[in-house]
Amino acid sequence: MDLELLSAFRYALAAGVAVAAACSLLSPFVVYKRMAFVGQGVSHAGFGGIGIAFLAGLWVPAVSQPGWMDVVLALSCVATALAIGRLSAGALESDSAIGVALVVAMAVGIAGMDLYAYLRPGTWQPDIHGLLFGDIFSASPAATAWASLIAALVLVLVLVGYRQLVFYTFDEEGALLFGAPVRAVQYIFLIVMALAVVAAMRLVGVVLVTALLVMPGLIGRALAGRFATALAWSLVSGVVGTAAGLLLVIFVLTHLSSGPAVVLVLAAMLVAAGGARAMIDRTRRARAAAR
């Protein structure tokens, strides 16, 4: 392995582990609260944010370049997450709000890039395959630092607000009756989840980003009965699965993109966790019958 490839792998592994940790810590809350579709909507809002950046770049070229585009992308994801939270608290069903946000974001993203390419031929264009399916090996030191910052932010949120998050996840109406700041918890959670989605898009892309928000939590739920234990399993499985997927790409399946590799490894781990859960349940039933 040459020095350039080794450097790219080092940053890819660091960014991947940070992103996996952030998403895996949020994943059990997403799974138990049944918010997987929210993550899907927010990730597609990022694609729309890229389209908005390109449209703005017709007048302010710097906005359509890497750096400022990431800022627009993050703002778009956060705004969409807050809008989904606000609409779901009102008369409009959350699945309808997410569905509309998803298709509109995709349309804006494609239209913005097409219009920019038509009016500014020969200028910098994004890697569409990388946007859709991720390219963690293009991670820069700045991107790695951003991912690490998001992971630290998520960790602080979970440690400081654990009780409120669990209350909100399992009994939102009860939390409201007890005077808990449910709406504040909801909006903070959505903002942090949106930022984690933005960081994860570099690893697995728009299409597969939901996997990092759902699969680790499902693995944790399959392997544990208590929520705290499921959270720990989610963190371990997300980090290990991501690292294993990246190692698989760099040493074995070198022709495979990083995003699909990570998702396939996590899917295999989920199947194994489901099998282990079924075996444990059968053993418990057999012991109970024997008594």
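About 30 Å³ of space lies in the largest cavity of this predicted model, and the structure holds one cavity of 30 Å³ or more. The elements that contribute two or more residues to the lining of the largest cavity are helix 7 (162-170) and helix 9 (182-223). Helix 7 supplies the largest share, three residues. The lining consists of Gln164, Phe167, Tyr168, Ala175, Ala180, Pro181, Val182 and Val185. Sorted by class, seven of the lining residues of the largest cavity are nonpolar and one is polar, with no charged residues.

The largest nonpolar core comprises 69 residues, and those with the most contacts inside it are Leu26, Met193 and Leu212. Helix 9 accounts for the largest share of this core, 23 residues. When residues up to four places away in sequence are not counted, Met193 touches Leu26, Val30, Val38, Gly39 and Leu213. In soluble globular proteins, nonpolar side chains tend to be buried together.

Ser24 is located in helix 1 (residues 3-33). Its relative accessible area is 0%, under the 20% cut-off, so Ser24 is classed as buried. With residues up to four places away in sequence again left out, the contacts of Ser24 are Leu212, Pro216, Leu231, Ser234, Leu235, Gly238 and Val239. Among these contacts of Ser24 is Leu212, one of the residues with the most contacts inside the largest nonpolar core.

A search of the whole structure finds seven aromatic pairs. One of them, formed by Phe54 and Tyr116, is edge-to-face, at 4.8 Å centre to centre and with 70 degrees between the planes. Phe54 belongs to helix 2 (residues 36-57) and Tyr116 to helix 4 (residues 94-119), so this pair ties together parts that are 62 residues apart in sequence. Both Phe54 and Tyr116 are buried.

Tyr162 and Phe227 form a tilted aromatic pair, with 6.2 Å centre to centre and 45 degrees between the planes. This pair links distant parts of the chain, with Tyr162 in helix 7 and Phe227 in helix 10 (residues 227-251), 65 residues apart. Tyr162 has a relative accessible area of 26% and is partly exposed, whereas Phe227 is buried, at 10%. Both rings belong to a cluster in which ring pairs link Phe29, Tyr32, Tyr162, Phe170, Phe189 and Phe227.

Terms used. Residues numbered from 1 in each chain as written. Predicted model: local features only at pLDDT ≥ 70, side-chain atom pairs only at ≥ 80, totals over all residues. Heavy atoms only, no water. Helix = DSSP H or I, 4+ residues; strand = E, 2+ residues; numbered from the N terminus. Buried < 20%, exposed > 50% of the residue type's maximum accessible area, 1.4 Å probe, protein only. Contact = heavy atoms within 4.5 Å. 1 Å grid on protein atoms, 1.4 Å probe; cavity = no way out; pocket = protein on both sides within 12 Å on 5 of 7 lines; lining within 4 Å. Points joined across faces, edges and corners; volume = space filled by probe spheres on them. Nonpolar A, V, L, I, M, F, W, Y, C, P; charged D, E, K, R; others polar. Core = buried A, V, L, I, M, F, W, Y, C linked by side-chain atoms within 4.5 Å. Phe/Tyr/Trp six-rings, centres within 6.5 Å; stacked < 30°, edge-to-face > 60°.
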